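User: I would like to learn how to read the features of a model like this one. Please take me through them one at a time.

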Amino acid sequence: QVDLVESGGGVVQPGGSLRLSCVVSGTFFSVTTMGWYRQAPGSEREAVAGITTDDRTNYVGSVKGRFTISRDDAAVYLQMNNLKPEDTAVYYCYADISDSITYVPNRHWGRGTQVTVSS
C-alpha cells in the first residue's frame, strides 16, 4: 500500500513564504511524475506545478516566478514565495506510481494541507 503524506502548510502574511513537502511511503516499483494541485473554497481543483523524473517542470501562470517545485527520489517539494491571499487553498500532492506486478502507473493523492495567506 502506498501513502503520500504532506507537511508544511500553515498561516502566513502576504509576501511571506512556505515550503510544502510530500513524501511517498510504502512498497512500489517506481515514481514518475509528481506535483501539486490546490483547491480554494467554492472553486475547482487547480493544477499548480508538476515535475518529471528528468526534472522538467511546469507551473500555472499565476504562480510562475513565485513558486518552485523540486523533487528527490520519492518526495516532492513546493517552495512558495511572495504569497498572496489568492494562494489560500488546500494543497494536494500527487505522484504517478507503478507497482512491480503490473508496472502501470496510477495517480495517488495526498490528503491535503491547508495554506492560508492573510494579514
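Analyst: Start with the disulfide. In general, a disulfide is a covalent bond between the sulfur atoms of two cysteines. Here the bond joins Cys-22 to Cys-93, with 2.0 Å from S to S. The criterion is a pair of cysteine sulfur atoms within 2.5 Å. A search of the whole structure finds one disulfide. This is a predicted model, where local features need pLDDT of at least 70, side-chain atom pairs count only at pLDDT 80 or more, and totals for chains, interfaces and linings use all residues. Residues are numbered from 1 along each chain as its sequence is written, and side-chain values use heavy atoms, with hydrogens and water left out.

User: Which hand does the disulfide of Cys-22 and Cys-93 have?

Analyst: The torsion about the S-S bond is about 50°, so the disulfide of Cys-22 and Cys-93 is right-handed. Cys-22 lies in strand β3 (residues 18-26) and Cys-93 in strand β9, so the bond ties together parts that are 71 residues apart in sequence. Strands are DSSP runs of E, at least two residues long, numbered from the N terminus.

User: Are Cys-22 and Cys-93 buried or exposed?

Analyst: Buried means under 20% relative accessible area, exposed means over 50%, and partly exposed is in between, using a 1.4 Å probe and protein chains only. Cys-22 is buried, at 0% relative accessibility. Cys-93 is buried too, at 0%. Strand β9 is mostly covered: nine of its ten residues are buried.

User: Which strands pair with β9?

Analyst: Two strands pair if DSSP finds at least two bridges between them. β4 and β9 pair in the antiparallel sense over eight bridges. In that pairing, Tyr-37 stands opposite Tyr-92. β9 also pairs with β11 (residues 113-117), antiparallel, over three bridges. There, Thr-113 is the bridge partner of Tyr-91. Four bridges join β9 to β10, again antiparallel. Tyr-94 stands opposite Trp-109 in β10.

User: How do I read the aromatic pairs?

Analyst: A pair of aromatic rings is described by the distance of the centres and the angle of the planes. Rings of Phe, Tyr and Trp (its six-membered ring) pair if their centres lie within 6.5 Å; planes under 30 degrees apart count as stacked, over 60 as edge-to-face and the rest as tilted. The structure holds four aromatic pairs. In one of them, the rings of Tyr-37 and Tyr-94 have centres 5.6 Å apart and planes at 70°, so this pair is edge-to-face. Tyr-37 lies in β4 (residues 30-39) and Tyr-94 in β9 (residues 89-98), so the pair ties together parts 57 residues apart in sequence. Tyr-94 and Trp-109 form a tilted pair, 5.6 Å centre to centre with 50° between the planes. Tyr-37, Tyr-94 and Trp-109 form one aromatic cluster. Tyr-94 is buried at 7% relative accessibility, whereas Trp-109 is partly exposed at 35%.

User: Where does the charged end of Arg-45 sit?

Analyst: A charge sits over a ring if NZ of Lys or CZ of Arg is within 6 Å of the ring centre and within 35 degrees of the ring normal. The charged end of Arg-45 sits over the ring of Tyr-92, 3.9 Å from its centre. Arg-45 also lies over the face of Trp-109, at 5.0 Å from the ring centre.

User: What is the strand order in the open sheet of four strands?

Analyst: The order is β1-β3-β8-β7, with antiparallel pairing. The edge strands are β1 (2-7) and β7 (67-72), each pairing on one side only. β7 and β8 (residues 75-80) pair over six bridges. Phe-67 stands opposite Met-80 in β8.
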